[in-house]
Amino acid sequence: MTPNAKAKTVANNIRRVREFRSYTQDYVASKIGISQNAYSKLELGFHKLSLDRLFQIAEVLDIECVTLLQHDDEEIIQLRVIR
């Protein structure tokens with residue numbers, strides 16, 4: 001898997017968890033101090049995600065960063081079953 005594909009997977013995981021929590025992009029963006037438009041570009045993979053930003057998003061989503069970095073659906077699926 002290429003680095004770009006891995007980054008897209010992380011962005012997709014963030015989106016899936018956000019939707020699972022029923023949070024809007026605007027809500028998460030306001031919690032981490034950026035605009036909804038900038039947050040949308042992070043989720044779509046148009047902008048690179050810094051470690052600091054990843055930690056902020058994980059905290060808002062109440063999930064471990066390592067789970068967002070998973071490249072298979074197993075951890076994200078388990079989140080849906082556990083919660």
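**View 1. Y39 and its neighbours in this predicted model.** Setting aside residues up to four places away in sequence, Y39 touches I14, R18, Q25, V28, A29, I32, I34 and I57. Let's keep Y39 in mind, as the views below come back to this residue.

**View 2. The largest nonpolar core.** Here we have a core of 17 residues, and those with the most contacts inside it are I14, Y39, I57, L61 and L68. Two or more residues each come from α1 (3-20), α2 (25-32), α3 (36-43), α4 (51-61) and α5 (65-68). The element that gives the most is α4, with 5 residues.

**View 3. Where α1 meets α4.** The axes of these two helices come within 10 Å and cross at roughly 25 degrees. Angles under 35 degrees count as roughly parallel, so α1 is roughly parallel to α4. The crossing in which α1 passes α4 is left-handed. On the α1 side, V10, I14, V17 and R18 make the contact, and α4 answers with L54, I57 and L61. Sorted by class, the residues of this contact are 6 nonpolar, no polar and 1 charged.

**View 4. Where α2 meets α3.** The axes of α2 and α3 come within 8 Å, crossing at roughly 105 degrees. With 65 to 115 degrees counting as roughly perpendicular, α2 and α3 are therefore roughly perpendicular to each other. From α2, the contact takes in Q25, D26, V28, A29 and I32, while α3 brings Q36, Y39, S40 and E43. So which classes of residue does the contact of α2 with α3 have? There are 4 nonpolar, 3 polar and 2 charged residues.

Definitions and conventions
Residues are numbered from 1 along each chain as its sequence is written. This is a predicted model: local features need pLDDT of at least 70, side-chain atom pairs count only at pLDDT 80 or more; totals for chains, interfaces and linings use all residues. Side-chain values use heavy atoms; hydrogens and water are left out. A nonpolar core is a set of buried Ala, Val, Leu, Ile, Met, Phe, Trp, Tyr and Cys residues joined through side-chain atoms within 4.5 Å. Buried means under 20% relative accessible area, exposed over 50%, partly exposed in between (1.4 Å probe, protein chains only). Helices (H or I, at least four residues) and strands (E, at least two) are DSSP runs, numbered from the N terminus. Contact means heavy atoms within 4.5 Å. Axes are lines fitted to C-alpha atoms, for helices over the stretch in contact, and angles run from 0 to 180 degrees between N-to-C directions. Angles under 35 degrees count as roughly parallel, over 145 as roughly antiparallel, 65 to 115 as roughly perpendicular and the rest as oblique. A crossing is left-handed if the near helix is turned anticlockwise from the far one by less than a right angle, and right-handed if clockwise. Ala, Val, Leu, Ile, Met, Phe, Trp, Tyr, Cys and Pro count as nonpolar, Asp, Glu, Lys and Arg as charged, and the others, Gly among them, as polar.
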